[in-house]
Amino acid sequence: MYTALRLQRKLKRELGQGGVQVIVVDPEPYMTYQPFLPEAAAGSISPRHVVVPLRRILPRCQVVIGEAVAINHGKRTATIKTLATAEEGTGAIEIHYDELVLAPGSVSRTLPVPGLVDHGIGFKTVEEAIGLRNHVLEQLDIASSTRDPDVRDAALTFVFVGGGYAGVEALAELEDMARYAVRYYHNIAPEDLKWILVEATGRILPEVGEEMGKYAVRELRGRNIDVRLETRLDSCVDRVAALSDGSRFPTRTLVWTAGVKPHPILASTDLPVNAHGRLKCTAALHVDGVEHAWSAGDAAAVPDLTAEEPGKECAPNAQHALRQSKVLAENVIASLHGRPLKDYEHKYAGSVASLGLHKGVAHVYGRKMKGYPAWFMHRAYHLSRVPTFNRKARVLAEWTLSGLFKREIVSLGSLENPRAEFKLAADTGRHPEAS
C-alpha cells in the first residue's frame, strides 16, 4: 500500500494522462496497521480505525480485491481469484503487467502440535483481534454462570504461545481488560484469572534487548502472569495445554503467536527464493537476477548494508518495511525513466512495546526506558506511523475519550455469525406476520 501510495503521488501526471496504470491486488479492501491490533482487542481503539481502506487512499490506482494464486513472471501474468470469479464459476482471471511489486507480507507459522488446528487462535488480522476480544469476554460469562468447577477453571485459563511482540502485547492488553471487566462480575475476582505465556527460548521481546526483556518478565510476573521460558507447547488435544515441562492446563483459550513465515504465494511463482522461502533481493529491492520484479517487507530477503557482519539481512518487521516501500517506489520510477537505482540502507533505530495501559518497555537509539515513559513513546511512535491524517485523528480522539470514560467491555460475539438469530426464528416456525 505504501509503495502504491508513493507511486500515485510521484506519477500524478502520468496516471492522470493514462500513460501509467498502477494495479493493487489484495484479498482485503483495506490495509491493517498491525501494531494497533492489541489495543483493538482490548477495546482501546475501534477496530475500524486500525484499518485503512485501499480505495479511499489510492483513488488513482485500480484496486482489485482478490487473491493471487500464481505468478508467471516469464509471461508477466498474475493469476487472480476474485469474489466475482467465485460467483460466476469462471475460474481465476489473468492480469498482465510490466513491472511486478510482490509484497504479500507473512502469515502465521504453525507447527504440527496435536490439537492446535482445532483449538488455536491466531493474532495476525483485525478479525482475529475482534474474535479474541469477544472470546475472552465470553469466557468470563461462562465462568460466572457455570456450577462446574472444571468448566470454570478452563474458562478462566488463558494460554499464549510466543513471546514476541504479538504474544506479549496481546496478552498484556487483554489481561488489563479482563482484570478491569471482572469488577462487574459478582463471583469472579482478578485472582481467579490464570494467564500463561509460553516461550521456547530463554527471553521475551528480544528486539528491546536483554535488560528490557528481563524487566518485561518481572513486570508480567508481578501481575500474576505465569511466564514460562524455555518451554514448548507439546499438545492441546481436548482443550488441555500440555507443556514440555510436564505442566497441563485445561483451557478454552489458546492463542498462537509463535512466529511468522513468508506468504505461500511466493512458492507459486518462478522467482528465486532463499532457504527460508523469502525472495532473494538486492539492496535496491530488485529481485536478484530477475528484471522488472521488486519486493519489500516480510516477503523480501534484503541485505542489511548497515550490519557489521557480512551476509546479514534486514529483519522482517514494520520498521524496515515502511522505509523500504519509499525506496522501492523511487527505484521503480527511476527504472521507468532510465535513472540509476538507490540502495536501501537503514540502521535499526530500536523498538518499543506496550505491556498494557500505562506500562511498556523501549530501547531506542541506545536509550532504555520502562513504565509510563516507554508506554507513552510506544503510542506516540505508532500514532505518527499510522497512515492518513483521518486515522491519526480518530485514534487520538479515542485515546482521549478512553482516558475520560470507563472501558467498554461489551462482547459482540454474534458478529461472527450474524445470521444465527434469523435462522433460529425461521427454524422455529413462528410467523406472527401471517396471523
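The largest cavity in this predicted model is lined by Arg 278, Gly 297, Asp 298, Ala 300, Val 302, Cys 314, Ala 315, Pro 316, Asn 317, His 320, Ala 321 and Gln 324. A cavity here is a set of points on a 1 Å grid over the protein atoms alone where a 1.4 Å probe fits but cannot get out, and lining residues have an atom within 4 Å of a point. The volume of this cavity is about 30 Å³, taken as the space filled by probe spheres set on the points, with grid points joined across faces, edges and corners. By class, its lining has six nonpolar, four polar and two charged residues. Nonpolar covers Ala, Val, Leu, Ile, Met, Phe, Trp, Tyr, Cys and Pro, charged covers Asp, Glu, Lys and Arg, and the others, Gly among them, are polar.

A note on conventions. The model is predicted, so local features need pLDDT of at least 70 and side-chain atom pairs count only at pLDDT 80 or more, while totals for chains, interfaces and linings use all residues. Residues are numbered from 1 along each chain as its sequence is written, and side-chain values use heavy atoms, with hydrogens and water left out.

Helix α11 gives the most to the cavity lining, with three residues. Helices are DSSP runs of H or I, at least four residues, numbered from the N terminus. α11 (residues 318–336) also packs against α1 (residues 2–10), at an angle of about 40° and with the axes 8 Å apart. Axes are lines fitted to C-alpha atoms over the stretch in contact, and angles run from 0 to 180 degrees between N-to-C directions. That angle makes α1 oblique to α11; under 35 degrees is roughly parallel, over 145 roughly antiparallel, 65 to 115 roughly perpendicular, and the rest oblique. In contact terms (heavy atoms within 4.5 Å), Tyr 2, Thr 3, Arg 6, Leu 7 and Lys 10 of α1 meet residues of α11 including Leu 322, Ser 325 and Glu 330.

Next, the second largest pocket. How much space lies in it? About 720 Å³. A pocket is an open set with protein on both sides within 12 Å along at least five of seven lines. Of its 28 lining residues, the closest to the centre are Gly 43, Ser 44, Ile 45, Arg 133 and Glu 408. α13 gives the most to this lining, with five residues.

Finally, the axes of α12 and α13 come within 9 Å and cross at roughly 150°. The two are therefore roughly antiparallel. Their contact is made by Arg 379, Leu 383 and Ser 384 of α12 with Lys 392, Val 395, Leu 396 and Trp 399 of α13.
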